[in-house]
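Q: I've got a model open and would like to learn how to read its features one by one. Can we go through it together?

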Amino acid sequence: FAGNVLTVEADGGQEVIVNRHAPNQELWIAAPSGGHHFRLEGGRWASTRDGAGFFEVLERSLREICPNAAAL
C-alpha cells in the first residue's frame with residue numbers, strides 16, 4: 001500500500017492494482033484482463049463500463065491472478 005494505491009501481487013508476478021482517483025471521485029481496478037473505473041451511484045460503487053459492483057470485479061480480478069486460492 002502506497003498513497004492511494006494498493007497493489008496485490010500473486011506468486012506468479014501478476015498484479016491487481018486498486019487506486020483511489022480523488023480528482024474524478026472514482027475507484028480504479030487494473031488487472032491482467034483490463035481496467036475498470038467505478039463511480040459512487042446510489043450508495044454503491046458501480047463500474048462505469050457495465051454497472052458491475054466494485055467488490056464483484058475485485059473478487060473476479062483476484063481470482064484471475066490466484067485461480068487456486070480458497071474462497072476470498
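Q: Which residues is I29 in contact with, once its neighbours within four places in sequence are left aside?
A: First, the general idea: a contact here is a pair of heavy atoms within 4.5 Å. In this predicted model, I29 is in contact with V16, I17, V18, G34, G35, H36, F38, F54, V57, L58 and S61.

Q: Where does I29 lie, and is I29 buried or exposed?
A: I29 lies in strand 3, residues 26-31. Anything under 20% relative accessible area is called buried, so I29, at 2%, counts as buried.

Q: What about the core? Which residues have the most contacts inside the largest nonpolar core?
A: In soluble globular proteins, nonpolar side chains tend to be buried together. Here the largest nonpolar core has 13 residues, and V16, V18, I29, F38, F54, V57 and L58 have the most contacts inside it. Strand 2 (15-21), strand 3 and helix 1 are the elements that give two or more residues to this core. Helix 1 gives the most, with 5 residues.

Q: Let me zoom in on one of those. What does V57 touch, not counting residues up to four places away in sequence?
A: V57 touches I29, H36, F38 and A52. The contact with I29 also turns up when you start from I29.

Q: Now the rings. How many aromatic pairs does the structure hold?
A: It holds 2. To read a ring pair, look at the distance between the centres and at the angle between the planes; over 60 degrees counts as edge-to-face. For F38 and F54, the centres are 5.3 Å apart and the planes are at 80°, so that pair is edge-to-face. It links distant parts of the chain, with F38 in strand 4 (residues 34-41) and F54 in helix 1 (residues 54-65), 16 residues apart. Both F38 and F54 are buried.

Q: And why is the pair of F54 and F55 edge-to-face?
A: Because the ring planes are at 85°, with the centres 5.1 Å apart.

Q: Let's do charges. How many salt bridges are there?
A: The idea is to find a side-chain nitrogen of Lys or Arg within 4 Å of a carboxyl oxygen of Asp or Glu. By this rule the count comes to 3. Start with E26 and R39, whose side chains meet at 3.0 Å, N to O. That pair links distant parts of the chain: E26 is in strand 3 and R39 in strand 4, 13 residues apart. E26 is buried, with a relative accessible area of 4%, while R39 is partly exposed at 42%.

Q: What about the salt bridge between R60 and E56?
A: Those side chains meet at 3.5 Å, N to O. Both residues lie in helix 1, 4 residues apart, about one turn of the helix. R60 is partly exposed at 41%, and E56 counts as partly exposed at 45%.

Q: And which residue forms a salt bridge with R63?
A: E59 does, with the closest N and O atoms 3.1 Å apart. R63 and E59 are 4 residues apart in helix 1, so about one helical turn separates them. R63 is partly exposed at 33%, and E59 is partly exposed at 34%.

Q: One last stop: where is the place of G51?
A: G51 is in the loop between strand 5 (44-47) and helix 1. Its relative accessible area is 32%, so G51 is partly exposed. Not counting residues up to four places away in sequence, G51 touches R44 and A46.

Methods
Residues are numbered from 1 along each chain as its sequence is written. This is a predicted model: local features need pLDDT of at least 70, side-chain atom pairs count only at pLDDT 80 or more; totals for chains, interfaces and linings use all residues. Side-chain values use heavy atoms; hydrogens and water are left out. Rings of Phe, Tyr and Trp (its six-membered ring) pair if their centres lie within 6.5 Å; planes under 30 degrees apart count as stacked, over 60 as edge-to-face and the rest as tilted. Buried means under 20% relative accessible area, exposed over 50%, partly exposed in between (1.4 Å probe, protein chains only). A nonpolar core is a set of buried Ala, Val, Leu, Ile, Met, Phe, Trp, Tyr and Cys residues joined through side-chain atoms within 4.5 Å.
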